[in-house]
Amino acid sequence: MGRVAGGQKTGTGGALMTAVVGQLRGFIRFFRDVMGEDAYRKYQAHHAASGCSSPPLTEREFWRDKMDRQDANPGGRCC
C-alpha cells in the first residue's frame, strides 16, 4: 500500500471507503425519491419536454398546488 499526502493509506481501504460512500449516496438518492423531494425537478423536466407554452410554476407554487391536490384527494395516503 502506498501513502498519499497527510499520511493516509491507499489501496483496499480506500476502495472500500469509496464503495461505502457510493452506496450511501445511492441510498440517500433513493430515500429522497421515495419522499418526493425530486418532484419539482421531475415537474420541470416534464414541463420542458411537453412543449407547454405557459411558464412553469415556481417551486413554491408547485408545492402549494401539490399539497392542495393531496388534501382534496387523500385516497392514496395512509394518514
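Here are some questions and answers about this predicted model and the terms used for it.

Residues are numbered from 1 along each chain as its sequence is written, and side-chain values use heavy atoms, with hydrogens and water left out.

Q: What makes up the secondary structure of the chain?
A: There are 3 helices and 0 strands, in the order α-α-α from the N terminus. Helices (H or I, at least four residues) and strands (E, at least two) are DSSP runs, numbered from the N terminus.

Q: How does the reach of helix 1 compare with the expected span?
A: The expected span is 1.5 Å times one less than the number of residues. Helix 1 has 24 residues and reaches 34 Å from first C-alpha to last, close to the expected 34 Å. After helix 1 comes G36, with a positive phi near 90 degrees.

Q: Why is D38 called buried?
A: Buried means under 20% relative accessible area, exposed over 50%, and partly exposed in between (1.4 Å probe, protein chains only). D38 has 8%, so it counts as buried. You'll find D38 in the loop between helix 1 and helix 2 (39–50).

Q: What makes F30 exposed?
A: Its relative accessible area is 52%, so F30 lands on the exposed side of the cut-off, which is over 50%. F30 sits in helix 1 (residues 12–35).

Q: How do you know that D38 and K42 form a salt bridge?
A: A salt bridge is a side-chain nitrogen of Lys or Arg within 4 Å of a carboxyl oxygen of Asp or Glu. The closest N and O atoms of D38 and K42 are 3.4 Å apart, so the pair qualifies. D38, R41 and K42 are linked in a network of salt bridges. K42 is partly exposed, with a relative accessible area of 48%.

Q: What makes D65 and R69 a salt bridge?
A: Their N to O distance is 2.9 Å, so this pair also meets the within 4 Å rule. Both lie in helix 3 (residues 59–72), 4 residues apart, about one turn of the helix. D65 has 33% relative accessibility, so it counts as partly exposed, and R69, at 44%, counts as partly exposed too.

Notes:
This is a predicted model: local features need pLDDT of at least 70, side-chain atom pairs count only at pLDDT 80 or more; totals for chains, interfaces and linings use all residues.
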